[in-house]
Amino acid sequence: KGDESYMSVDVARSQNSANNQSSIAVVRICRNPANQRISAIELINLFNVANTLNYTNQAVIIKRTRKQYDAKICVVDGNGLGAGLVDELLKDTVDPMTGESLGCWNTINTTNEPEDVMSAESCVFDLKAQSFQTKVLTDFIDVVGNGTLRLLEQRTYNAFDSENDPDYQDKMMPYIQTDLLVEEIANLKLETNGKALSVKKEVSKIDKDRFSALAYAVFYVCEYENQTKMFHKYEFDDL
C-alpha cells in the first residue's frame, strides 16, 4: 500500500494448452521528488494465466491481481482476442471463491460502455498494440539502455527454506518468472521495416508473453505517466 503500481496483460485464448499463455506484469514506479518524472520502473511480479481459461475466469484473476497490488491502471492488449477480455473486464465480476464483488471496470481511452455505467471504475487502458508496436519497442529499448528498468536480483533455488517455509513457492516464483522473462528477451531479434520496428522469435517454442506484458506496462507509464509537474507563480487554470 502506498506504492505507485501499474499492471498490464498480454492476452491469449486457446483450447490448446501448448499455445502461448496470457501474462500479467506488475510494475512499481519511483519518481524524482523535484519534478515527479519517473526515475525507475521496477518489475515486482509476473504471472502466467492458462490460455485454456475463458475470459470470465481470466478477468477474475486480473481483477484479483489489481486489488492485491492496488494498481492504478491495468493496460490490456485489446487487439484481436484481447477485445473479448476487455469486454469481460467491463462487466461486474464476482469472485467465485469468496463471493466478493471485484467491481466493474471502464476504459480510460475508448467509448466502450461498461455494464454498470454509474459505478464502473475507469482503470483500463485498451492498448491496440499493433498500432503502437514501434513506440512500445522504442520505449522498452530506452528504459533498458538508460537503466530505468529494474528487475529482481537473480536467486538460486536454495535462497529460501523450501522445507519449513509454507510460503516458499510464493516467494520463489517471482524470481523464476523473471528468469523466464530474461530468456524470452534473449530469444528476440529486432527487425526494421523502414521506420517500423518489430521483434521475431529466434526459437519458436520459446514464448514472448512475459516480454509483451512488461513492454506494454513500460509503454504506458513512459507515454502517459511521465509528465514533468512544474509549479509557477503565474499559472492559472482556464475559466
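Guide: A residue is called buried when its relative accessible area is under 20%, exposed when it is over 50%, and partly exposed in between. Please keep in mind that the model is predicted.

Visitor: Why is C123 called buried?
Guide: Its relative accessibility is 0%, and the cut-off is under 20%, so C123 counts as buried. C74 also stands at 0% relative accessibility, and therefore C74 counts as buried too.

Visitor: How many disulfides does the structure have, and how do you know that C74 is in no disulfide?
Guide: A search of the whole structure finds 0 disulfides.

Visitor: Where is L90, and what makes it count as buried or exposed?
Guide: L90 sits in the loop between α2 (82-89) and β5 (93-94). Its relative accessibility is 3%, which falls under the 20% limit, so L90 counts as buried.

Visitor: Which residues are in contact with L90, if its neighbours within four places in sequence are left aside?
Guide: With heavy atoms within 4.5 Å taken as contact, L90 touches C104, W105, N106, T107, N112, E113, P114 and E115.

Visitor: What makes Q36 and D70 worth a remark, in terms of phi?
Guide: Most residues other than glycine have a negative phi. Q36, although it is not a glycine, has a positive phi of about 70°, and D70, likewise not a glycine, has a positive phi of about 55°. Q36 lies in the loop between β2 (22-31) and β3 (38-49), while D70 lies in the loop between α1 (55-69) and β4 (74-77).

Visitor: Why is Q36 called partly exposed, and why D70?
Guide: The relative accessible area of Q36 is 27%, which lies between the limits of 20% and 50%, so Q36 is partly exposed. For D70 the value is 40%, which lies between those limits as well, and therefore D70 is partly exposed.

Visitor: Why is α4 called roughly perpendicular to α5?
Guide: Helix α4 (residues 168-186) and helix α5 (residues 209-224) pack at an angle of about 95°, with their axes 8 Å apart. Angles of 65 to 115 degrees count as roughly perpendicular, so the term applies to α4 and α5. The contact is formed by Q177, L180, L181, E184 and I185 of α4, together with D209, R210, F211 and L214 of α5. By class, these comprise 5 nonpolar, 1 polar and 3 charged residues.

Visitor: How do you know what to call the arrangement of α3 and α5?
Guide: The axes of helix α3 (residues 133-145) and α5 come within 8 Å and cross at roughly 85°, a value inside the range of 65 to 115 degrees, so α3 is roughly perpendicular to α5. On the α3 side the contact uses K135, V136, L137, D139, F140 and V143, and on the α5 side F211, L214, A215, Y216, V218, F219, C222 and E223. Its classes are 11 nonpolar, no polar and 3 charged residues.

Visitor: What is the secondary structure of the protein, and what percentage of its residues count as buried?
Guide: The protein has 5 helices and 11 strands, and 43% of its 239 residues count as buried.

How values were computed:
Residues numbered from 1 in each chain as written. Predicted model: local features only at pLDDT ≥ 70, side-chain atom pairs only at ≥ 80, totals over all residues. Heavy atoms only, no water. Helix = DSSP H or I, 4+ residues; strand = E, 2+ residues; numbered from the N terminus. Buried < 20%, exposed > 50% of the residue type's maximum accessible area, 1.4 Å probe, protein only. Axes fitted to C-alpha atoms, helices over the stretch in contact; angles between N-to-C directions. Parallel < 35°, antiparallel > 145°, perpendicular 65-115°, else oblique. Nonpolar A, V, L, I, M, F, W, Y, C, P; charged D, E, K, R; others polar. Disulfide = S-S within 2.5 Å.
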